[in-house]
Amino acid sequence: MVESPVVQPPDEVIIRPPGQIRLEARDLHMYYGAFHALKGISMAVPACQITALIGPSGCGKSSFLRWFNRMNDVIDGVRVEGEVLLDGEDIFRPTLDVADLRKRVGMVFQAPNPFPMSIYDNIAYGPRLHGSPRRDELDQIVEESLRGAALWDEVKDKLRQSALGLSGGQQQRLCIARVLAVQPEVLLMDEPASALDPTATFHIEELMLRLKDQYTIMIVTHNMYQASRVSTHTGFFLLGELIEYGPTERIFENPLDKRTDDYVRGRFG
Amino acid sequence: MRIHPRTAQKIAFALLYLATGVVALTVVAIVLLMLLKGVPGLSVALFVKGSQALAPAIVGTLLLVLLTAVLATPVGVMAAVYLSEYARRGPLVRLIRLAIVNLAGVPSVVYGLFGMALFVMMLKFGRSLLAGSATLALLVLPLVISASEEALRQVPQRLRDGSLALGATKWQTVRRVVLPNALPGIITSLILAVSRAAGETAPILFTAAFFSLTDPYPNSVFDKVVALPYRLYAMSTEMPNMPPEQKWATALVLVLLVLGVNAGAIAYRTHLRRKQRW
């Protein structure tokens, strides 16, 4: 049975899903120079579920995602106001070590970006950054990470070969394995399947569903079917604003806002 | 009157083609002239026989160039890493870049005088291999910096992002991802920059070069050296009795040396590019 939209007080639904909250943005504003890219986003992301951000190109969903591991720090001329919390702690506090944060909050990018080195060295890259693991420990991490990303069986006999020889879909799973190797708590995925064919996309989605018991996952996607297939919660962005946020089923079947309705029905975007 | 687009296109093509042809023809003309005039003067005796032998000059030039590379590489590459990876856009960085561009435009004879004042006299290196190489290093530094920066920029941003997102610091990212992937480009640019130093006369005129009849090989970096470009210069201006085919042969050797080094660098780069895909 579909809930009636008017019964739910929108603000409650929009801001706080039930259960443990892992990530939270509070009144987040972002400026690229004079351009107001994010206009006061407040959103709480539940632990160990998949939260999808949808919206047309340029709506700010990727920019928003990149605050949770402070990848926007890399860009010149960006200003931010508001708070982002990881387990209730502000990630903009001056004492925070950004490298530490990124270890806890991993990211998978739109285009697969394996390093031009062997499959083994790609996975071992993170663990080697954060310590000097023994050879047998490293072997174990590499195997577990590749198994975790459902890639082990395909590459176990060619770990020493260049990662650039893999197919696009395999490369993207390698990048996921590479993130798993540093044992993060959160996975941010920025359109992880948009450069892949349908079969590879299917593999990635299957993988996400398998990983969600252990990791809090946020995914940006321009593919609405993907959002509806994998996510438990969905937020709809438009022109730098979070228009609506709630359980995925309700967002797609019974949106409260006219603009959300138009978008999920494919009337624009 | 309106020219038909197809006619205009033909005229434009012809002009562009002509411009390219002029450049190519100049190179061919220089090399042909060198070969025609120089080859008759080439002989084993030219290289090894007597006080006028070329061998010491070739050795001297190679030593100068080698030491120049040793001096210019660390400074140039580190400056390039700073500019490409660390510097944020701002007035200071703009000023630094402007300085580098202008440094590249300073005439080489000015470098020679500056090198004499700084290295030969103030730092008391004397006229020596070291003073000459240090002067040449200053001369090629802008080339090394801009070429290395170019090589660093060729490394895709997504590799840096991937490394940073795994919790690497900026320096770890530079050392483990950016530099290894930029290295082939940096090395070839170095060779090309340094081969330019091989042909320069003015910077070593007051700082390193001499014309020895008895003991032409340097024993330490504080000895003077005989160098090919300076020899050619001295032969042409101070030795009216020198047979002309010997001068041409010397010029040919110098050109072949520089072209050889360049060709080697380009072949090496082509080889690496074929291996590299990202």
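Author: Start with one pair of residues: A:Leu86 stands opposite A:Glu89 in β5(A). This is a predicted model, in which local features need pLDDT of at least 70, side-chain atom pairs count only at pLDDT 80 or more, and totals for chains, interfaces and linings use all residues. Residues are numbered from 1 along each chain as its sequence is written, while chains are lettered from A and ligands numbered from 1 in the order in which they are written.

Now the strands around that pair. Strand β4 (residues 78-86) of chain A and β5(A) pair in the antiparallel sense, over two bridges. Two strands pair if DSSP finds at least two bridges between them. Strands (E, at least two residues) and helices (H or I, at least four) are DSSP runs, numbered from the N terminus.

Step back to the sheet. It is open, with four strands of chain A in the order β2-β1-β4-β5 and antiparallel pairing. β2 and β5 (89-90) of chain A are the edge strands, each pairing on one side only. Strands of a sheet pair through backbone hydrogen bonds, either parallel or antiparallel.

Strand β1 (residues 21-32) of chain A runs antiparallel to strand β2 (residues 35-46) of chain A, and nine bridges join them. A:His29 has A:Lys39 in β2(A) as its bridge partner. β1(A) and β2(A) make a hairpin with two residues between them. In the turn, A:Gly33 has a positive phi of about 60 degrees.

Next, a helix. α5 (residues 135-148) of chain A has 14 residues. At 1.5 Å a residue (the expected span is 1.5 Å times one less than the number of residues), it should span 20 Å, and its end C-alpha atoms are 20 Å apart, which agrees. The buried residues of α5(A) are A:Ile141, A:Val142, A:Ser145, A:Leu146 and A:Gly148. On the other side, A:Asp136 and A:Gln140 are exposed. Buried means 20 or more other C-beta atoms within 10 Å of a residue's own; exposed means 12 or fewer, partly exposed in between, with C-beta atoms placed from the backbone.

Those buried residues of α5(A) pack against α4 (119-129), α6 (152-155) and α7 (168-180) of chain A. Just after α5(A), A:Ala150 takes a positive phi of about 55 degrees.

Last, the second chain. 18 residues of chain B are in contact (C-beta atoms, placed from the backbone, within 7 Å) with 23 residues of chain A. α7(B) gives the most to chain B's side, with six residues.

Technical notes. Two residues are in contact if their C-beta atoms, placed from the backbone, lie within 7 Å.
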